[in-house]
Structure formats: structure tokens, C-alpha cells
Amino acid sequence: MTYDLNNIFAKILRGEIPNKTVYENDHVLAFEDINPQAPVHVLIIPKEPYVSMMDFSERATQEEQSALIKAVGEVARIKNISTDGFRSIANTGEHGMQEVPHLHIHILGGRRLGQMVKPLKSRP
Ligand code: AMP
């Protein structure tokens, strides 16, 4: 898939749209989700143009991959959810229901989040 330079996160990275930054380094930006689904809801994105986790896993350098994973821990510490726990999600493609075509990891926490997806069959 070709990277769309006009996606909303590309505009955030270019400074065309404001964001509430939580954490930043050379490779990643983490900011508050505009429509939070939990008391803590932060998005972590690579600064380079990767469409999805598939694209990132294929093309990102080791340094970029490492920085993204490290940022998960940094954000959890900054938002004070590392002890109680949290959920990290990267929706990918059509079945994953990814809306914004720039890789992002959701960090959700601050309360018990409940079931992630419905079971295929409910248990008897
Ligand atoms: P996804 O469905 O995994 O692609 O998630 C996209 C996320 O981006 C949603 O949780 C939106 O609330 C969030 N979002 C969209 N626009 C903005 C924005 N301008 N600033 C922060 N978060 C945004």
C-alpha cells in the first residue's frame, strides 16, 4: 500500500495539526488520542512514513523497531499505568479495522478494560 502523505498523523508529524504530546524521541511521537476509550489512551507512532505494522515489520530499521517498543514502556511509566497494567493494540488493515493509514500503537489503561474481542462461541 502506498503511504498517503495527507493522512492525519502525517499532518501531526509535520506540525500542521496540534497534538498533546506525551513522549517524543528521534524515532517516535506519542500523543493523547483525541477520542479516548479509557482513562489513559495514548497513540505511539513512528516518525517515518509506515502505513501499518506489516509495512513497519518489513521496512523499518532495527533502531526504529527498537525505539517503538521502548516507547511503549516509556509511555506506560509516564502515564503511571505500568504497575496496574495496560493494553497495547495496533489495528492493521481492513480486518483489523485500521482507520488511519500510518502505523500507531494504542496504549489503553487506567481501569480494567474488560474483554478484548467477543469469543467465537460463547461458553456453555
Ligand atoms: P485506528 O482505528 O486504530 O486507526 O485508530 C485511529 C485513532 O486515531 C482513533 O482512536 C482516533 O480517535 C485517533 N485520532 C484521529 N484523529 C486524531 C487526532 N487528530 N489526534 C489524536 N488522535 C486522533
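**Close-up views of the ligand site and a strand pair**

**View 1. Residues around the ligand.** Of the 16 residues in the shell around the ligand, those that come nearest are Asp33, Asn91, Glu99, His104 and His106; a residue is near a molecule if one of its heavy atoms lies within 4 Å of it. The model is predicted: local features need pLDDT of at least 70 and side-chain atom pairs pLDDT 80 or more, while totals for chains, interfaces and linings use all residues. Residues are numbered from 1 along each chain as its sequence is written, and side-chain values use heavy atoms, leaving out hydrogens and water. By class, the shell holds eight nonpolar, five polar and three charged residues (nonpolar: Ala, Val, Leu, Ile, Met, Phe, Trp, Tyr, Cys and Pro; charged: Asp, Glu, Lys and Arg; polar: the others, Gly among them).

View 2. A polar contact is a pair of N or O atoms within 3.5 Å. The side chain of Asn91 places an N or O atom 2.8 Å from an oxygen atom of the ligand. A polar backbone atom of Val100 is 3.0 Å from an oxygen atom of the ligand. For Ile34, a backbone N or O atom lies 3.1 Å from a ligand nitrogen atom. The protein buries 86% of the 510 Å² that the ligand exposes when taken alone (Shrake-Rupley method, 1.4 Å probe).

View 3. Helix 1 (8-13) and strand 2 (28-32) each supply at least two residues of the shell. Helix 1 gives the most, with three residues. Helices (H or I, at least four residues) and strands (E, at least two) are DSSP runs, numbered from the N terminus.

**View 4. The pairing of strands 1 and 2.** Strand 1 (residues 21-24) pairs with strand 2 in the antiparallel sense over three bridges; pairing requires at least two DSSP bridges. A hairpin of three residues joins strand 1 to strand 2. Glu24 stands opposite Leu29 in strand 2.

Key: A polar contact is a pair of N or O atoms within 3.5 Å; within protein, one must be able to donate a hydrogen and the other to accept it, and residues adjacent in sequence count only if both atoms are side-chain atoms.
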